[in-house]
Amino acid sequence: MADVILKNIIKTYNKGETHAVNDVSFAVEKGELFGLIGPDGAGKTSIFRILTTLLLADSGTATVNGFDVVKDYRTIRNQIGYMPGKFSLYQDLTVEENLSFFATVFNTTIEENYDLIKDIYVQIEPFKTRRAGKLSGGMKQKLALCCALIHRPTVLFLDEPTTGVDAVSRKEFWEMLKRLKAQEITILVSTPYMDEAMLCERIALIQNGSLMSIDTPENIISHFPQKLYSVRSGQMSRLLTDIRQFPETASCFSFGDAHHVTFSENKNLPHELMTFLKTKNHYDVETKEITPTIEDCFIDLMK
Amino acid sequence: METATVISTEKLTKRFGDFTAVNEITFDVHQGEIFGFLGANGAGKTTAMRMLCGLSNPSSGKATIAGFDVYRQTEKIKKNIGYMSQKFSLYEDLTILENIRFYGGIYGMNRKIIKTKSVELVEQLGLKEEASALVRSLPLGWKQKLAFSVAIFHEPKIVFLDEPTGGVDPVTRRQFWDLIYAAAERGITVFVTTHYMDEAEYCNRISMMVDGTIKALDSPANLKKQFGANNMDEVFYQLARGAKRNT
C-alpha cells in the first residue's frame, strides 16, 4: 500500500474565492523520493499542510501510512517528519537544545536515532552551542532536517528545503536525501527549481492548484510532444525576437546560453528557420536537436 | 567600451568585529550594463549590496555609485537608485495605482508626471483593468513584474535586484528578463543577484563572490572558457565548492 494517498483534495481560501488546490489526487509509494514541482502559489504548501494534519481540506480524502489525516491526526503526527518552508525552529535555543527538544517531544533521545542524522549532524556539530537564530542559511537547513528526522519518521515532508539556497548547497542537500532514501524513508519534497526534478524518482508538476503531469522525469520528458531545437548565435537578444517572427515557430524561450525552439505542426523546420534568419542578418547561427529538460516540459504543459 | 562608469569600488571592505564580511572588493560597472552579482550563501553579497545602496557604512575602501560617495552622499545615492527584492517590494494592502503613486512620491516626483506616467505604466503592463485592485490579489508573477516597474519608475541610474525571480514560474521568469533587457536598453544599469544559473548567462558580465572576495569577474562566455566549463553551473560549482563559510 502506498504511504501517502490523496484523493480529490480541494482547498480554497477567502470563503471560496481563492482556489489553492483543485481536485488533486496522487499516491507516493513506500520508500519513494517524490517531488512536487511548481512555482510559488501553485498549491504545494497547502498540500503539505493537509498531509501533515495542520490544515483541513474543503473536500477529498488523504491518508498517510494508511491513517486518515482528519480522524487519525495524532497517530500521523507521531510517525512523520515535517520541515516547513519557513525556518521554524527555536531561534533562541542552541543547535543542541533544539535537537534535544524535538527528540524529547517525540519521546526519544538524540542517542537512540543518532545513526540516522549522523552524516548531517557532524557538519553542524562544531556549532552546537550556537543559537539557531545565528546560524547561516545552509546550517539552519541542516539543523531543521536533523530535527525533522530525530524521531525516525516513516514519511518525511520537505517543503521547499532548497529555496534561496545556492547551487553548491543545493547539490549537497540532494546528496543527503539520497542517503536517507537508502534508509527506506519515504520522502515527499517540493521545489520551485525545475532542475531538481531529475533527482526525484517520480514527480508531479503543479501549477495554479492543479497537477499537470505525474510520472518519472524520464517519461515526462519522453512525452514532450514535439521536436525541440537549441538555437544560438552571438546576438542572443536580437535572435530571440527574430526567431519569434518566423511564421512556423510554435514556441521560443531562452535557456541560458541557447534559445529552445519548437515548430508548428511537428514539422522539421530548422533549415527553413536558418534561411529565414539569414534574411535578418544572422550568419553565425548554430542549431541542433536536443532532449527537452523538465523546464521545457513545464512550459509546454502551462499552455 | 566608452560608456560611463556608474558603479566603481576600490578595496571596499566591511568588518563586523573581527569578522570580515566583505574583503577588499574592486570592480566597475558601466552604464546600461546587466551585471550579475553571484556567490554562495554567506559569501558577503547582501553586505556588499547594502554598502552600494548607501544603507551601510564601509569599514574601509572607496566606492562611488552614480557618481556619489558611499560615505558622505548616501542620501543622493538613494535618490538615484532603484531597489527590488523577492521579499519586500510593494504594499499588499494598497492598490496598484496607489503603490505607484506612493513610490513616485517618496522619490520626490512631480504629481502631474506621476499621474501620466502611472497610466502609461499600467497600460504597458496590461494591468489597466486591475489598476484599482489591491496588490494582494495579483498573482506572484505579476507582483514581481510590477515591483520591478515601480523600482525604475523614477528613472534611476541603477537598479539593484536581489533575487527578483525566486519562486516565479518559468514563463514569467523569462518575461521578467525581457523587462530587464528593455530597462538596460534605456540606459538603466542593472545589478542583479540570482540562484538560477541560466539567468547568469543573460548578464553582460558576472562577478563571483567567495568568502568575502571577488574570485572571478568576466562575461559568461569568458568565464566558461577560463574554467573549462560547459555552463555557468559548473563555473559556479568550481568556485564556490572551496568556500569556507558555505556551510
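Trainee: At about what angle to E6(A) does helix H5 of chain A run?

Mentor: Helix H5 (residues 137-149) of chain A lies across E6 and strand E7 (155-159), where helices (H or I, at least four residues) and strands (E, at least two) are DSSP runs numbered from the N terminus. This is a predicted model, in which local features need pLDDT of at least 70 and side-chain atom pairs count only at pLDDT 80 or more, while totals for chains, interfaces and linings use all residues. Residues are numbered from 1 along each chain as its sequence is written, and chains are lettered from A and ligands numbered from 1 in the order in which they are written. With axes as lines fitted to C-alpha atoms (for helices over the stretch in contact) and angles running from 0 to 180 degrees between N-to-C directions, H5(A) runs to E6(A) at about 160°.

Trainee: Which strands of the open six-stranded sheet in chain A stand at its edges?

Mentor: The sheet has mixed pairing and the order E6-E7-E8-E3-E9-E10, two strands being paired if DSSP finds at least two bridges between them. Each edge strand has a single partner, so one of its sides is left without a neighbour in the sheet, and the two concerned are strand E6 (80-83) and strand E10 (210-215) of chain A.

Trainee: Which residue of E9(A) stands opposite A:Phe34?

Mentor: Strand E3 (residues 33-37) and strand E9 (residues 202-207) of chain A pair in the parallel sense over four bridges. In that arrangement, the residue of E9(A) opposite A:Phe34 is A:Arg202.

Trainee: Why are the buried residues of H8(A) on the same side, and what arc do they cover?

Mentor: In helix H8 (residues 236-245) of chain A, the buried residues are A:Leu239, A:Asp242 and A:Ile243, a residue being buried if 20 or more other C-beta atoms, placed from the backbone, lie within 10 Å of its own, exposed if 12 or fewer, and partly exposed in between. On the other side of H8(A), A:Thr241 and A:Gln245 are exposed.

Trainee: Which residue in the turn between E1(B) and E2(B) has a positive phi?

Mentor: Strand E1 (residues 5-16) and strand E2 (residues 19-30) of chain B pair in the antiparallel sense over eight bridges, with B:Val29 as the bridge partner of B:Ile7. The two strands form a hairpin with two residues between them, and the one in the turn with a phi of about 60° is B:Gly17.

Trainee: Which residue of E4(B) is the bridge partner of B:Glu10?

Mentor: E1(B) also runs antiparallel to strand E4 (residues 60-65) of chain B, joined by five bridges. The partner of B:Glu10 in E4(B) is B:Lys62.

Trainee: How many residues of chain A are in contact with chain B?

Mentor: Two residues are in contact if their C-beta atoms, placed from the backbone, lie within 7 Å. By that criterion, 29 residues of chain B touch chain A, and helix H6 (170-185), helix H7 (197-200) and helix H9 (232-240) of chain B each supply at least two residues of that side. On the chain A side, the number in contact is 28.
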